[in-house]
Amino acid sequence: MSLLEAKDLNVWFDLPHGGRLHAVQGVSFDVKEGERLGLVGESGCGKTTALLALMGLLPPNAEVAGSVTVNGDEILAGGEDAMRRRRWTDVAMVFQGAMNALNPVKTVRSQIVEPMQLHEVAEGADAVRRAGELLELVGIPASAGRRYPHEFSGGMRQRAAIAMALACDPRILLADEPTTALDVMVQAQILELLTRLTADLGLTLLLVTHDLPVVAQVCEKAAVMYAGEIVEAGPVDTLFHDPRHPYTRLLFAATPDLFGEQDVVSIPGSPPRLDRSITGCPFRDRCDSAFDRCVVERPVLLRVGAGHSAACHLNDPMSETVA
Amino acid sequence: MSTVALKTPDPAASPLLEVEGLVATYPIRRGIVGALRREPHRSVHAVDGISFTVRRGEMVALVGESGCGKTTTAQTVLRLLDPVAGTIRFDGTDITSLTPRAMRPLRRRMQMIYQDPYESLDPRFRVRQAVEEPMLVHGIGGSKAERRERVIDAMRRAELSPPELYLERYPHELSGGQRQRVSIAASLALEPELLVADEPVSMLDVSVRAGVLSLLDRLRRRGDVGILMITHDLSTAAHFADRIVVMYLGRVVEEGPAREVVRHPQHPYTKALLSVVPRRDPRERSTPQILVGETPDPVDVPAGCRFHPRCPVAEDRCRVIDPELVTTSPDHLAACVLVGSGETQPT
């Protein structure tokens with residue numbers, strides 16, 4: 001059974017000057033215990049919004065619809081009360097830029113203890129001991145917990161932010177661009193840490209990033225998002241070797257590789273605006289294989305292989321007659 | 001289309017940019033207590049004796065982790081910071097100690113492209129004004145009509161086409177990639193010979209990065225522009241640069257043709273850096289050689305080889321010997337006691 005499942009998740013934002021922005025458009029995915037799923041896409045594709053919806057941390061001008069279950073229990077429909085019981089204890093998140101959001105006037109240890117007390121996971125000496133263990137777990141000596149964030153390097157602060165997210169022993173860790181802005185060697189250290197945590201603690205990881213190679217390195221499965229929806233999902237190996245959505249293929253082609261021989265080519269144009277309704281395929285204007293059907297009909301996510309789905313008319317046998 | 005007379009590039013002539021033994025430092029604040037105690041003035045050697053050249057038509061990538069001195073190098077080369085020692089020659093002229101006044105005519109010929117096109121463009125300037133502004137600053141470009149011609153030409157070369165579509169727009173109406181092209185156009189309007197690009201695409205979306213990098217690539221392939229690109233992204237450097245210069249703690253530890261450095265790295269630091277670069281193909285998951293810790297503080301530079309505390313193959317002598325760059329194969333240099341002595345196989 002899936003540990004975390006999102007079904008037809010939708011998020012709208014009311015804009016200050018009227019109008020609505022449909023940021024997440026019917027996103028569905030599921031993650032099994034101990035699995036690592038990558039959510040990939042470019043800025044504005046809705047990947048961070050989807051994560052915040054799972055945490056119930058969207059701003060007041062957002063409206064959410066759909067279903068999110070943790071271990072079979074619906075958490076979205078129950079509202080803030082149901083969400084609060086799950087947040088941090090079942091589902092925890094490392095926010096984008098978390099390493100720069102630590103409280104500068106509190107010791108690192110007290111910031112890890114705080115959520116434990118708040119959620120009544122541990123108190124007093126017990127909480128302090130747990131905080132030390134968590135620091136050791138992420139590769140920081142327990143004694144360093146007495147220090148302040150500014151005494152830590154960027155990599156250590158990011159480790160501390162991960163330790164904070166783990167304070168209440170969650171089963172699912174959501175990580176939003178956890179290595180962006182880190183040096184390549186520190187990035188490798190953090191990615192290794194996240195991989196080790198999932199292996200050792202049976203933690204389930206949902207990794208959001210714009211960086212395809214990071215997902216290829218860390219995750220077993222990935223979902224590629226474009227204009228608020230998932231356009232392709234499957235095992236990372238399949239996505240690279242047998243992409244069935246042109247966006248996935250073009251995104252890989254736009255990413256330079258250390259030993260890659262082919263030219264890297266950018267994708268022309270830019271994503272559609274999400275404050276207007278989209279007819280047809282949202283990617284068609286930038287696609288190199290669009291045809292007439294793409295203008296009129298929005299493709300839906302179809303199964304194209306084992307655990308592999310894509311939202312492109314090219315995969316639909318009906319298309320052959322049209323094309 | 002240039003209205004400025006340029007020297008005809010002569011391949012046999014001296015390189016466009018020649019840096020030799022460059023040293024740049026930052027003072028460390030002593031604070032009041034330090035001053036009262038008459039502690040000595042100390043400084044950080046952000047760049048500590050580095051040499052490299054950029055030829056016309058060439059793209060050289062300066063790679064390394066934060067704190068390695070790559071941005072300081074770029075700023076010093078452009079004389080935005082004053083070097084402490086070493087020489088910088090631009091098109092054969094020693095510019096190391098030119099006065100600001102003497103530098104002015106040269107500034108037009110060496111332009112910087114910044115990392116963040118969201119910060120580097122004035123939000124109140126239309127594209128037309130942003131591209132025209134540098135010409136006004138340098139007092140070139142002729143009449144208003146001639147300047148407009150040059151603006152349009154520069155935009156065309158920055159591949160903002162058709163230029164008329166963008167002229168009257170404001171930065172907020174443009175995508176990140178388009179903004180970076182506008183700042184490139186503003187540089188190109190001055191007909192520069194050296195472009196220093198500091199992480200030119202790291203703020204841009206993946207799908208448009210390749211376009212901006214290919215633009216820089218085409219600009220230098222036309223032959224009269226040389227590009228010094230600062231990047232932390234080895235995949236980008238491997239793809240677009242002719243040469244890669246790897247820096248660690250203010251020193252060049254390896255330098256060579258891009259392909260050669262990536263495929264046959266000689267220095268243990270370069271080898272480790274390359275091993276942790278995530279690959280596109282999940283089947284190519286390498287065994288990353290993860291170094292412990294982070295680049296040390298340049299205030300406390302380790303004795304001997306600066307890399308020895310983190311080096312996986314360091315020997316006793318590495319604590320005392322500060323290795324010099326030695327040639328390992330034609331045009332390929334590395335600074336490690338283990339290279340060139342037959343102990344690592346030159347490939």
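## Helix packing, a buried alanine and a chain contact

Setting aside neighbours within four places in sequence, Ala185(B) is in contact with Val131(B), Ala154(B), Met155(B), Ala158(B) and Leu160(B); in contact means C-beta atoms, placed from the backbone, within 7 Å. This is a predicted model, where local features need pLDDT of at least 70, side-chain atom pairs count only at pLDDT 80 or more, and totals for chains, interfaces and linings use all residues. Residues are numbered from 1 along each chain as its sequence is written, with chains lettered from A and ligands numbered from 1 in the order in which they are written.

**Exercise 1.** Take Ala154(B): is this residue buried or exposed?

*Solution.* Helices here are DSSP runs (H or I, at least four residues), numbered from the N terminus. Next, count neighbours: Ala154(B) has 25 C-beta neighbours inside 10 Å, so Ala154(B) is buried. The cut-offs are 20 or more other C-beta atoms within 10 Å for buried, 12 or fewer for exposed, and partly exposed in between. Then list the partners: leaving out residues up to four places away in sequence, Ala154(B) touches Val131(B), Ala185(B), Leu188(B) and Ala189(B). For a sense of distance, the C-alpha atoms of Ala154(B) and Asp322(B) are separated by 47 Å, with the two residues 168 apart along the chain.

**Exercise 2.** How do H3(A) and H5(A) lie relative to each other?

*Solution.* Get the geometry first: the axes of H3 (residues 108-118) and H5 (residues 154-165) of chain A come within 8 Å and cross at roughly 20°. Axes are lines fitted to C-alpha atoms, for helices over the stretch in contact, and angles run from 0 to 180 degrees between N-to-C directions. That makes H3(A) roughly parallel to H5(A); under 35 degrees is roughly parallel, over 145 roughly antiparallel, 65 to 115 roughly perpendicular, and the rest oblique. Now find who touches whom: Val108(A), Gln111(A), Ile112(A) and Pro115(A) in H3(A) meet Ala160(A), Ala163(A) and Met164(A) in H5(A). By class, that's six nonpolar, one polar and no charged residues. (Ala, Val, Leu, Ile, Met, Phe, Trp, Tyr, Cys and Pro count as nonpolar, Asp, Glu, Lys and Arg as charged, and the others, Gly among them, as polar.)

**Exercise 3.** At roughly what angle do the axes of H3(A) and H4(A) cross?

*Solution.* The axes of H3(A) and H4 (residues 124-137) of chain A come within 9 Å and cross at roughly 120°. H3(A) and H4(A) are therefore oblique to each other. On the H3(A) side, the contact includes Arg109(A) and Met116(A); on the H4(A) side, Arg130(A) and Leu134(A) are among the residues. The tally is seven nonpolar, one polar and two charged.

**Exercise 4.** Which helix gives the most to the side of chain A that touches chain B?

*Solution.* Begin with the totals: 34 residues of chain A are in contact with 32 residues of chain B. Helices giving two or more residues to the chain A side are H6 (184-201), H7 (212-218), H8 (236-241) and H9 (246-253) of chain A. H6(A) gives the most, with six residues. By class, the chain A side has 19 nonpolar, ten polar and five charged residues.

Notes
Contact = placed C-beta atoms within 7 Å.
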